[in-house]
Amino acid sequence: MGTGSTVTIKMVYSVTAENSVGDSVLFEKPLTTTCVMFIAMSLALPIHFLCKAVFGRSPGEGISTDGSTPRSLYFMLIIPAIFDLIGTALAKVGLMYTSMSVYQLVRSSVIVFCALFNVGLLKKRVRGFM
């Protein structure tokens, strides 16, 4: 999620609306913004299938010898995808309570922590291209 998306979501969180009682309340619905983001990303699926039909492969896909993706690969991706969805929803909750600059700094610190875990836990060297 880039800066433009962060600014847009923060603007959505500052919109006020009238509730059923008649009070003016802020639209602070992090699960709704996560759902909208998920639906927007799902709109890329028709492009994937169109490219697969026209070119025989989708952009970014390596040339395979048999042309099929093993079904087990899809099941292996379900758990990380669920955790990513949960992490995104929790990040949206955090964005409600912090400023955009702090949110972006915390999001960017993931790179530093991944490098530290690579060195500390996996005993790998961090190289320039990483």
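Colleague: What covers the buried residues of H1?

Modeller: In this predicted model, the cover over the buried residues of H1 includes strand E2 (24-26), H2, H4 and H5.

Colleague: And which residues of H1 are buried?

Modeller: Thr6, Ile9 and Tyr13 are the buried residues of H1. They cover an arc of only 70° around the axis, which puts them on the same side of H1.

Colleague: Which exposed residues sit on the face turned away from that buried side?

Modeller: Thr3 and Met11 are the exposed residues carried by the face of H1 turned away from its buried side.

Colleague: Let's go to H2. Which of its residues are buried?

Modeller: In H2, Pro30, Thr33 and Thr34 are buried. Their arc around the axis is only 100°, so they lie on the same side of H2. On the other side of H2, you can find Leu31 and Val36, which are exposed.

Colleague: What covers the buried residues of H2?

Modeller: Their cover includes helix H1 (3-13) and helix H4 (71-97).

Colleague: How do H2 and H4 pack, then?

Modeller: Their axes are 9 Å apart, and the packing angle is about 130°. That angle makes H2 oblique to H4, because it falls in neither the roughly perpendicular range, 65 to 115, nor the roughly antiparallel one, over 145. The contact is made by Pro30, Leu31, Thr33, Thr34, Met37 and Phe38 on the H2 side. On the H4 side, the residues are Leu85, Thr88, Ala89, Lys92, Val93 and Met96.

Colleague: Is that crossing left-handed or right-handed?

Modeller: H2 passes H4 in a right-handed crossing.

Colleague: One more on H2: how many Å should helix H2 span, at 1.5 Å a residue?

Modeller: Helix H2 covers residues 30-42, which is 13 residues, so it should span 18 Å. The C-alpha atoms at its ends are 18 Å apart, which agrees.

Colleague: New topic: where is Tyr103?

Modeller: Tyr103 is in helix H5.

Colleague: Buried or exposed?

Modeller: Tyr103 counts as buried, because its relative accessibility is 7% and the cut-off for buried is under 20%. The C-alpha atom of Tyr103 is separated by 8.2 Å from that of Ala91, and the two residues are 12 residues apart along the chain.

Colleague: What about Lys123, where does that lie?

Modeller: Lys123 lies in the segment after helix H5 (100-120). With 67% relative accessibility, Lys123 counts as exposed.

Colleague: And what is the phi of Lys123?

Modeller: Phi of Lys123 is near 55°, a positive value in a residue other than glycine. For background, most residues other than glycine have a negative phi.

Methods. Residues numbered from 1 in each chain as written. Predicted model: local features only at pLDDT ≥ 70, side-chain atom pairs only at ≥ 80, totals over all residues. Heavy atoms only, no water. Helix = DSSP H or I, 4+ residues; strand = E, 2+ residues; numbered from the N terminus. Expected span 1.5 Å × (residues − 1). Buried < 20%, exposed > 50% of the residue type's maximum accessible area, 1.4 Å probe, protein only. Arc of directions from axis to C-beta. Contact = heavy atoms within 4.5 Å. Axes fitted to C-alpha atoms, helices over the stretch in contact; angles between N-to-C directions. Parallel < 35°, antiparallel > 145°, perpendicular 65-115°, else oblique. Left-handed = near helix turned anticlockwise from the far one by under 90°.
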